Amino acid sequence: MLVLRRRTGQWRKTGAHAGRPAMVSRRTARARGQHAGLTAEAIVATAIRLADEEGLPALSMRRLGAELDVEAMALYHHFPNKGALLDAIVEDLATSVPIVDLAGHGWEDGLRTYARAQLETLSAHPRLVELVMSRPAVTTGNLALMESLLTFLQADEFPPASALDIVYSLNELVLIHAVLEAGDDTAPGPHGEERWRRHLAGVSAEDFPLLAEAVEANADRAAHARFEFALDALIAGFADLRRKR
């Protein structure tokens with residue numbers, strides 16, 4: 001008689017055929033990550049969704065495995081540790097703008113396209129802005145993006161050192177604006193420019209006439225108007241440096 005007994009994720013045979021290989025449960029097979037259709041792309045996409053919904057502290061390997069219906073150990077077939085997964089998330093967000101899209105633009109419009117797309121991506125994932133700020137994520141994908149941007153700018157006669165300064169300046173503008181826009185996602189009410197607009201709405205015109213005038217003039221500004229103002233100023237500065245070379 002053959003008896004199957006459950007023991008720690010697998011079935012153990014006893015009886016006449018006990019010498020045969022044990023039957024492995026579906027759950028254990030999935031722990032190996034070979035039969036669940038698991039891919040690195042699916043892991044990153046699920047990690048981003050989980051962080052978007054519940055915040056970065058909720059993103060543990062165990063919780064991520066549960067979301068994907070696999071054991072946490074299956075994730076390590078694709079990422080050696082959680083740090084590598086976090087780097088992959090940053091890379092996914094940073095490389096969301098295919099550099100080929102910039103090929104048909106002049107350098108000014110190309111940089112605007114790049115910066116706006118980066119801000120749009122971070123604005124869609126406010127709970128991941130802190131991660132992007134804290135991890136440089138020197139990955140192959142990020143390095144390839146940087147190389148492509150430098151190549152794009154070199155075609156317009158920016159030397160590599162100046163081109164790198166331009167890319168860093170744009171990235172810093174995007175990140176600062178994204179941080180201010182995201183604010184504290186646990187706090188009620190608006191964030192970013194809208195929050196400051198409301199704080200200053202009642203400023204005394206008698207005590208602070210210029211500030212009150214500026215607040216009133218900016219009352220109907222678009223959400224990213226200040227970002228566009230700073231972006232235009234940066235690009236104008238880059239153009240001036242290019243002319244002076």
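These are my notebook entries on what I looked up in one predicted model.

**Ground rules.** I worked from a predicted model, so I took local features only at pLDDT of at least 70 and side-chain atom pairs only at pLDDT 80 or more, whereas totals for chains, interfaces and linings use all residues. Residues are numbered from 1 along each chain as its sequence is written, and side-chain values use heavy atoms, with hydrogens and water left out.

**Overview.** I found twelve helices and three strands in the chain, where helices (H or I, at least four residues) and strands (E, at least two) are DSSP runs numbered from the N terminus. Of the 245 residues, 33% count as buried, a term I use for under 20% relative accessible area, with exposed meaning over 50% and partly exposed in between (1.4 Å probe, protein chains only). Taking contact as heavy atoms within 4.5 Å, I noted that residues 24 or more positions apart account for 63% of the contacts with a separation of 6 or more.

**Helix H5.** I compared the 13 residues of H5 (82–94) with the 18 Å they should span at 1.5 Å a residue, and the end C-alpha atoms are 18 Å apart, which agrees; the expected span is 1.5 Å times one less than the number of residues. The buried residues of H5 include Leu85, Leu86 and Ile89, and among the elements covering the buried residues are H2 (40–54), H3 (61–68) and H8 (140–154).

**Nonpolar core.** I then looked for nonpolar cores, meaning sets of buried Ala, Val, Leu, Ile, Met, Phe, Trp, Tyr and Cys residues joined through side-chain atoms within 4.5 Å. The largest has 53 residues, and those with the most contacts inside it are Ile89, Trp107 and Leu153. Helix H9 (160–182) supplies the largest share of this core, nine residues. The core also draws at least three residues from each of domain 1 (38–80) and domain 2 (98–241), bounds that come from an automatic or database domain assignment.

**Trp107.** A search of the whole structure gave me one aromatic pair. Rings of Phe, Tyr and Trp (its six-membered ring) pair if their centres lie within 6.5 Å, with planes under 30 degrees apart counted as stacked, over 60 as edge-to-face and the rest as tilted. The ring centres of Trp107 and Phe158 are 4.9 Å apart and their planes stand at 75°, so the pair is edge-to-face. Trp107 lies in H6 and Phe158 in the loop between H8 and H9, so the pair ties together parts that are 51 residues apart in sequence. Both Trp107 and Phe158 are buried. Not counting residues up to four places away in sequence, Trp107 also touches residues including Leu153, Asp156, Ile235 and Arg242.

Thr46, in H2, is buried at 11% relative accessible area, and leaving aside neighbours within four places in sequence, Thr46 is in contact with Leu64, Glu67 and Leu68. Pro126, in the loop between H6 and H7, counts as partly exposed at 38% relative accessibility. I also noted that Pro126 and Ala51 are 75 residues apart in sequence and 9.5 Å apart in space, C-alpha to C-alpha.
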